[in-house]
Amino acid sequence: MLANLIFNNRDSAPYEKRLQLAIRTLLFSICTVGIAIAQQVDSTPVDDVSAVMPSAVPAWRIVPSIATDVTYTDNVGLVNTSKKSDLVTRLSPGIVIEGRGGHVTGSLDYRWQEYAYARDSNRNNQQRSLNATGKLELVDQWLYIDGRGSISQQPISVFGTQGVSNDLVNTNRTETSTYQWSPYIQGRLGGVADYTLRYTGARSKAGAGELAAGSGTTSRAWSGRLAGDTSLASLGWSVDLQQQRMERSTARNTQSKRAVGTLEYRIDPQVRLHASLGRESDDYSNTQSQSRTVRGFGGDWAPTERTTVSLSKEKRSFGDSYNADFSHRTALTAWKLSQSRSVNVPADQLINTSLNSAFELLNLQLTSTIPDPVARTQQANLLLQQAGIPADAQAFGTLVTSRVYISRRREASFILTGATNIFTLSADSSDNQALGSGGVIADDFSLSPNIQQSGFTTSWAHKLSPDTAITLNGRRSRNKGSTAGLDTRLTALSLLLTTKLGPKTSATVGLRRTRSNTDSATASSYDEQALTGSLFVTF
């Protein structure tokens, strides 16, 4: 009934009304069934302990810490001429909370950082970092809420001066924050179909640039899904409805709607094929919403439990949208390849970390040896920290903009671990094209409608002893616009010696060299050398 209601007529205005009616109908049906299910859960006899007690024993890890760094740099201002040296001290208390217990699963890594400059106290500043995810089950097996939060330092402009460390003075750097919350219900309708109804809200804000104005960018989205099987055991179906509205402080608000039906055919347990057809509308490029047909196809192949291949393609208003992913792991290695073309919105840009980071690769490699995801996360972070390898290093910065844009991205990464060595390599490139007009405050797309970003990061860590490792980290990146005079390049290399001083104390000393070349009038070419030392203590 929902599919007929949505797809039979192609006229734009009636289509939008039918989509809204379909979402309300789906919401009413799911809530009615969900309330009945919740009442059955509430009426469970008290003596049935297994039905009311948490399914897992609480297992939480809470680790307060404090770090102090001292950096001597010969170019604290990242300038080409009249360089000035300085001694920079960082004091950074933090806390890590991760685990699961009862109906709660999550992780939080928060750190507050105070920077002090020996030669110019006017440069002293504070910075924050946050990476948090969580899931709370409010009603057993029915009502949930997901949450995510991110605070990080990002370049205001990819065509401005680029840096590799937050301890140096860079007017092209700002603090960005994104918070996302998503309550949803899920269950089964009459033994026929699985349902999910979700609301997702997100807010993105920055300390400078376009996202600094007003309240930044806010996103509100509703999505619903019904999925079930047919009389043919190998054939399944699903219907997905989505509606999203974005409110921007510096430009007009935008909205999008989408309704798609999908058929899935399972050839065998390892191979699945799917085809989809539907309608979508948005006003990204025009003030009036435009409606159009969407069609796509794809497949998934898992020849072994260690290897997965996923392909999908859709015909969209902006052209073809596609996603191709390959991942493979062995006892000592992990490989990931991906290529995609899709629409990016502000909340997705700032909250999603690199899928091919060192942490993601090591976490993938450890899947067989540590099946528990919480324990695996803890072990991956610990191994990278002991090796002196950045867990989430990225080749280039995120575009800080409230605009919706089209991004074509290609990523390849690899990790090799051995008894005394860890080697990582990740290459990334992104072609970005503005979709629609910008706001009253200029962003990077105001300078160039097309932006190309590319680069790689690599690390090699060698254990000198069970408690000591030497690490070589490298990074190279480039940001280039389609307009002349917009080209920035960055190369960085660091050598670190990390050792444990005690069960909860570690120390690091290192050397760093950075070189930047640019054709942009808003950036400066420079070279910088630094000597670093740090002490890290957990409690």
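In this predicted model, the axes of helix α5 (residues 358-365) and helix α6 (residues 373-387) come within 9 Å and cross at roughly 125°. That angle makes α5 oblique to α6, and the crossing of α5 past α6 is right-handed. As for who touches whom, α5 brings Ala-358, Phe-359, Leu-362 and Asn-363 to the contact, while α6 answers with Arg-376, Thr-377, Ala-380, Asn-381, Leu-383 and Leu-384. Sorted by class, this contact has six nonpolar residues, three polar ones and one charged one.

Seven of its eight residues are buried, so α5 is largely enclosed by the rest of the structure. The buried set is Ala-358, Phe-359, Leu-361, Leu-362, Asn-363, Leu-364 and Gln-365.

Zooming out, the protein chain holds seven helices and 22 strands. Of its 539 residues, 42% are buried. The chain exposes about 26100 Å², with carbon and sulfur atoms supplying 57% of that area. Among contacts between residues at least 6 apart in sequence, 58% join residues at least 24 apart.

Methods. Residues are numbered from 1 along each chain as its sequence is written. This is a predicted model: local features need pLDDT of at least 70, side-chain atom pairs count only at pLDDT 80 or more; totals for chains, interfaces and linings use all residues. Side-chain values use heavy atoms; hydrogens and water are left out. Axes are lines fitted to C-alpha atoms, for helices over the stretch in contact, and angles run from 0 to 180 degrees between N-to-C directions. Helices (H or I, at least four residues) and strands (E, at least two) are DSSP runs, numbered from the N terminus. Angles under 35 degrees count as roughly parallel, over 145 as roughly antiparallel, 65 to 115 as roughly perpendicular and the rest as oblique. A crossing is left-handed if the near helix is turned anticlockwise from the far one by less than a right angle, and right-handed if clockwise. Contact means heavy atoms within 4.5 Å. Ala, Val, Leu, Ile, Met, Phe, Trp, Tyr, Cys and Pro count as nonpolar, Asp, Glu, Lys and Arg as charged, and the others, Gly among them, as polar. Buried means under 20% relative accessible area, exposed over 50%, partly exposed in between (1.4 Å probe, protein chains only). Accessible areas come from the Shrake-Rupley method with a 1.4 Å probe; for residues, only the protein chains shown count as cover.
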